[in-house]
Structure formats: structure tokens, C-alpha cells
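Visitor: I should like a close look at one part of this model, namely its strands and the segment that leads into them. Please take me through it in a connected way.

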Amino acid sequence: MSAVADQSPNTGCLIGFRCPNRKCRSYGGFRIGISTVMEVQDEGVGEQTGDNEWSYDDYCECMKCGRSGIVEEFQEDYQKWRRSRDKKKNRSRRR
Ligand SMILES: [Zn+2]
């Protein structure tokens with residue numbers, strides 16, 4: 001048996017999510033700053049009428065190591081893309 005599976009166990013809300021911290025690499029949970037719509041009167045906050053949604057530039061934080069950033073940075077695809085981009089950048093330094 002391999003020690004740490006490199007395959008995400010997430011099949012629900014956290015599909016594609018992974019902590020970008022190399023020492024953590026946790027698959028969850030995460031604290032995410034969601035965007036939603038609330039009914040707000042002068043007396044206070046009422047019902048939530050919007051969906052619980054987040055976008056790639058919303059706040060995200062790893063509950064295991066405390067690493068924070070935006071949702072995009074917590075996507076495995078994005079991390080892979082950035083690693084390959086960094087590799088290319090190191091090979092040919094221009095500008
Ligand atoms: Zn983490």
C-alpha cells in the first residue's frame with residue numbers, strides 16, 4: 001500500500017480541491033468565502049435568498065495548515081499548470 005494517495009478522495013463539493021502548501025497537500029476541509037445574497041433590513045439580516053457559491057477569486061483557507069489564498073490556488077489543475085509554467089520559465093529566462 002502506498003503511504004499517501006495522490007488521488008483526490010473528493011467526489012462532492014471539493015472536487016479538484018487541494019491545498020497548495022507542499023508540506024500539507026490536504027484534500028480538505030477548507031474555509032471558503034462564499035458569495036451569496038441576503039435580505040438585509042435596517043433591523044438586521046434576514047433570509048438568505050442566493051445560492052452558496054464561490055468563484056475562483058474568492059477567499060480560501062486550508063483547515064489543516066492554515067494556508068490562505070484564493071480558490072483558484074487550491075485547484076489541483078491550477079497547481080499542475082503553474083508547476084509546468086514555472087519549469088518553462090526557469091529553462092528560458094527572458095525579459
Ligand atoms: Zn494545507
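Guide: The account below begins with the open sheet, turns to the segment before it, and ends with the hairpin and the helix.

This is a predicted model, in which local features need pLDDT of at least 70, side-chain atom pairs count only at pLDDT 80 or more, and totals for chains, interfaces and linings use all residues. Residues are numbered from 1 along each chain as its sequence is written.

The part in question contains an open sheet of three strands in the order 1-4-5, with antiparallel pairing. Its edge strands are strand 1 (30-32) and strand 5 (68-70), each of which pairs on one side only. On average, neighbouring strands of this sheet are turned by 25° against each other, direction ignored; axes here are lines fitted to C-alpha atoms, for helices over the stretch in contact, and angles run from 0 to 180 degrees between N-to-C directions. Strands (E, at least two residues) and helices (H or I, at least four) are DSSP runs, numbered from the N terminus. Two strands count as paired if DSSP finds at least two bridges between them. Strand 1 meets strand 4 (residues 59-62) in the antiparallel sense over three bridges, and Phe30 has Cys62 in strand 4 as its bridge partner. In general, strands of a sheet pair through backbone hydrogen bonds, either parallel or antiparallel.

The segment before strand 1 holds both Arg25 and Gly29. A cis peptide bond, with omega about 0°, joins Gly28 and Gly29. Arg25, a residue other than glycine, has a positive phi near 55°. Most residues other than glycine have a negative phi, and most peptide bonds are trans. Arg25 is partly exposed because 16 other C-beta atoms lie within 10 Å; a residue is buried at 20 or more such atoms, exposed at 12 or fewer, and partly exposed in between, with C-beta atoms placed from the backbone.

Strand 2 (residues 38-41) and strand 3 run antiparallel and are joined by three bridges. A hairpin of two residues connects strand 2 to strand 3, and Val40 stands opposite Val45 in strand 3. Strand 3 (residues 44-48) is hardly covered, as the count of buried residues among its five residues is zero.

Helix 1 (residues 76-91) lies largely in the open, because the number buried among its 16 residues is zero. At 1.5 Å a residue, helix 1 should span 22 Å, and its end C-alpha atoms are 23 Å apart, which agrees; the expected span is 1.5 Å times one less than the number of residues.
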